[in-house]
Amino acid sequence: MKQLLPFLFVLTTMSASAVTKLEADSMAARAQRAYAMGDARTALAAYDSIAVDHNSAALQLNIGNCWFKLGDVAHAILHYERGLRLAPGDEDLQANLDLANEQVKDRIAEKPSFALGTTWARIRGGHDPDQWARRSLWVCALFFALLTAAILLRGRGPRRIAFTSSGLALIFLALCIAFAVARHNEVVDDGQAIIMEPKVDVLGEPRTGSKVLFVLHKGTKLTVLQEANGWYEVQLPNGNVGWMPPAALERI
Amino acid sequence: MNWTARLILLMALIGSTASLRAQEITFTASVDRKSIAVGEHVRLTITLSNAGDRFSTPDLGGLVVVGGPSYGSNMVSTNGRMSVSVSRTWLLTGTAPGKFTIGASKASVGGGTLQTEPITIEVVKAGSRPSDASAAQGQRSDPNLFVTISLSKNKAYVGEQVLATYTLYNRYAALELSKFELPKLNGFWSEEIEIGESGWSEQVVNGIGYRVAVLKKQLLFPQRSGKLRVEPMELTCIVNRSFFNRGSSIDLKSSPVDFTSLALPPNAPADFSGAVGELDLQVQTDRTSVKANEAIEIVVRMSGRTNLKLLDAPKLDFPGDFEAYDPKVVDKISVNASGMSGSREFQYTVIPRHDGHFDLGTISFSYFDTRTNTYKSLASDPIVIDVAPGEGGPSTNLRYPSKSDVVTLGEEVRYIRTGDLDLRTKGHFLFASLPWFAGMGAPALAFLLLLAWQRKRERERGDVEGTRRKRADGVARKRLREAELGLDQGDRNVFYAALSKALHGYLSDKFNLGVAEVNTNELRQRFATYADGNELADDCARLLTACDMARFAPVEDKPRRELYEEAAQLIQRIERSARK
């Protein structure tokens, strides 16, 4: 009975969200029809109401597309970025983000290209932020199964094989948990933000009237370093740091 | 005005009298002015041509005759045909302000009666300026000579054709045009109409007789919507020039004409290219089944009343296997007073380069129909062409156009994810959640439980030696069976080896000894606890020695069967005594 408890818990949580998920599915179908008819505004409203309680990379892609069709590139970028955090290396999201970024006025620096690029991103994340957490559960079960086999088996050969592979499983388990931790931090992280106002002055100090360091435009991606006096200290991809009012930003 | 135009006009003037057709009967009444002040004079002339000289004096409606009637006659012979006209002229005056109507004059011609039109004369107070009844025709500086611009419509759609006529009205005897300027046309596309040599004609305007010449006709096509204006036409004439008189120069200026150009309705079809009027579309293909590399001619003919000269070729999309050339344009367009009409043909020459069945689709064209004031779309029947393999077979493939890079024409975001959106509850992650910890802990817990159970079972099972002893008898019997097998086969080596091994194995298992430790002394010690221990130990040692002797030397002091029975009995005796 003790072993069954977590599964029961998973089942109950799933059925609890299943009621609203049914509504969400019908809303998604309606939004899809509206989008197909070219009515991005209606589609966006429906997707937004789904997004109150639900989230997924696909949903973020669709919301981003609606904004793009409505001509708001900054919001499109925001949602594509949110989708990419859930599913790093997703081709559709990346392609649409690149297209939207072409319309952004600021060009700060080329993003650092990683040698393995999307392949690494997909290993890291895939379409499922829970991927590594779930793998760690399986590997944990495998590890203890092998350990059990090592104890129960007769004969030196099989026992040695079982014991050695349980050691390997333990190493893999540690890796899985490390990945799961990294992914979780990545998904939960809200350190990055998109500029939502047509033009923002980035100041040298967190007070009105201080020296303007540089001017940024809608759709540019920033890292938020800290908050002080109701101001955000932000950093550009090229390392420049400055202060700006939080109203001009939306966190990814 | 250049000399050629002068010459043409002069010829027109010479021909003017000749063009009065010889036998045509006309009966007209005219005045020189229609508005006079009290005491001023107005001249009334009634002319009857080619019908004798009798007509009645009209009722003058209160006007007083101050002069006349004076009689005049005119006789012209043209190419042997006589034309005679008789006229009577009165000089009238008004004595009081008001409107006076000169009634009809009647003439009996043949069996019937001709009448002139009644004419109304306005008499105003002396000194006050006479209001000109024909003010609508513009400010005529000289009532005897003026020029007008008239349009066939005052309102038309953009692109619809409108006829403009420039007319000169004249009452002078001799007239010469010295300067002639067509008005500037802003917002119109114009097309000249050839009117040939036009003569003078007689026309009565508001009761005053004029000789009228059409100077020019133009088709106008408004190019933008809104208020448009045809600017005044200006020309200079010299009148009354004769051998004795230098004549006098008169500058004429017509009044401008305002025109309203209506915008086309907004629901234009996608393939509408601006054609307005009445149109018909015909598409002809000279043949529909050809061999590859043979030319086909496709003729698209548009006919009707519209600005045909501005019609563009309809867009035809030929398959990539077709080589198409720019169309040849053949016009059969006539421009006359009834408008521009005719046809324009686009002759396409296409050469299929590969065999196959090709559906070129329909050729469609849209225009704005001025009869119904709606857009109309014309479409041909679909063109289907069967191409048979050409001469030289598949080598025609070599003439394919060379490959080209795919050109990106536009960019679009990738389409939304349809179907299952793989939704999950927001902010709910498996990692570090309760189910995750439970899932990680459960196998560990299960493993610990298993370990505990295993310990307990070990304790229950006791020591390993006990287990071995219990199994000794069964193992010995099994090994004796192998010896029995050797006995049956008559194989001496196998039998003695199996028997020796069975005894050694049995004893080593029984007393938990190594195989090498099985000897007489050791056995005596072990059997000490047994009832007849020494005897059993000696028997065991003797049997083992006998086996070894038989194995390694060719000595057999007993038959093998007897030895086998002895071994079996010995094991049974050991087991029995052990069980005491």
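This is a predicted model: local features need pLDDT of at least 70, side-chain atom pairs count only at pLDDT 80 or more; totals for chains, interfaces and linings use all residues.

The points below go from the chains to their contact, then to a helix pair, a sheet and the cores.

1. Chain A. The chain has 252 residues, of which 34% count as buried. Its secondary structure consists of 8 helices and 8 strands. Taking the contacts in chain A with a separation of 6 or more, 55% are accounted for by residues 24 or more positions apart.

2. Chain B. Here 580 residues are present, and buried residues make up 24% of them. The chain contains 7 helices and 31 strands. Of the contacts in chain B between residues at least 6 apart in sequence, 73% join residues at least 24 apart.

3. Contact between the chains. On one side 30 residues of chain B take part, and on the other 40 residues of chain A. Two elements of chain B, strand 31 (424–425) and helix 2 (434–461), each supply at least two residues of the side that touches chain A. Helix 2 of chain B gives the most to that side, with 14 residues. By class, the side of chain B that touches chain A has 20 nonpolar, 4 polar and 6 charged residues.

4. Strand 1 (residues 54–55) of chain A and strand 31 of chain B run antiparallel and are joined by 2 bridges. Within this pairing, Asn55(A) has Arg424(B) as its bridge partner.

5. A helix pair in chain A. How do helix 3 and helix 4 of chain A lie relative to each other? The axes of helix 3 (residues 57–69) and helix 4 (residues 73–86) of chain A come within 8 Å and cross at roughly 170 degrees. The two helices are therefore roughly antiparallel to each other. Residues of helix 3 of chain A that meet helix 4 of chain A include Leu61(A), Ile63(A), Trp67(A) and Phe68(A).

6. A sheet in chain B. Three strands of chain B form an open sheet in the order 2-9-6, with mixed pairing. Strand 2 (35–37) and strand 6 (98–102) of chain B are the edge strands, each pairing on one side only. On average, neighbouring strands of the sheet are turned by 30 degrees against each other, direction ignored. Strand 2 and strand 9 (residues 119–124) of chain B pair in the parallel sense over 3 bridges. In that pair, Ala37(B) stands opposite Val124(B).

7. Nonpolar cores. The largest nonpolar core has 68 residues, and those with the most contacts inside it are Leu44(B), Ile121(B), Val147(B) and Leu235(B). Strand 16 (residues 208–222) of chain B gives the most to this core, with 6 residues. A second, separate core of 48 residues includes Cys66(A), Ala87(A) and Leu216(A) from chain A and Leu421(B) from chain B.

Notes
Residues are numbered from 1 along each chain as its sequence is written. Chains are lettered from A and ligands numbered from 1 in the order in which they are written. Two residues are in contact if their C-beta atoms, placed from the backbone, lie within 7 Å. Helices (H or I, at least four residues) and strands (E, at least two) are DSSP runs, numbered from the N terminus. Ala, Val, Leu, Ile, Met, Phe, Trp, Tyr, Cys and Pro count as nonpolar, Asp, Glu, Lys and Arg as charged, and the others, Gly among them, as polar. Two strands pair if DSSP finds at least two bridges between them. Axes are lines fitted to C-alpha atoms, for helices over the stretch in contact, and angles run from 0 to 180 degrees between N-to-C directions. Angles under 35 degrees count as roughly parallel, over 145 as roughly antiparallel, 65 to 115 as roughly perpendicular and the rest as oblique. A nonpolar core is a set of buried Ala, Val, Leu, Ile, Met, Phe, Trp, Tyr and Cys residues joined through C-beta atoms within 7 Å. A residue is buried if 20 or more other C-beta atoms lie within 10 Å of its own, exposed if 12 or fewer, and partly exposed in between; C-beta atoms are placed from the backbone.
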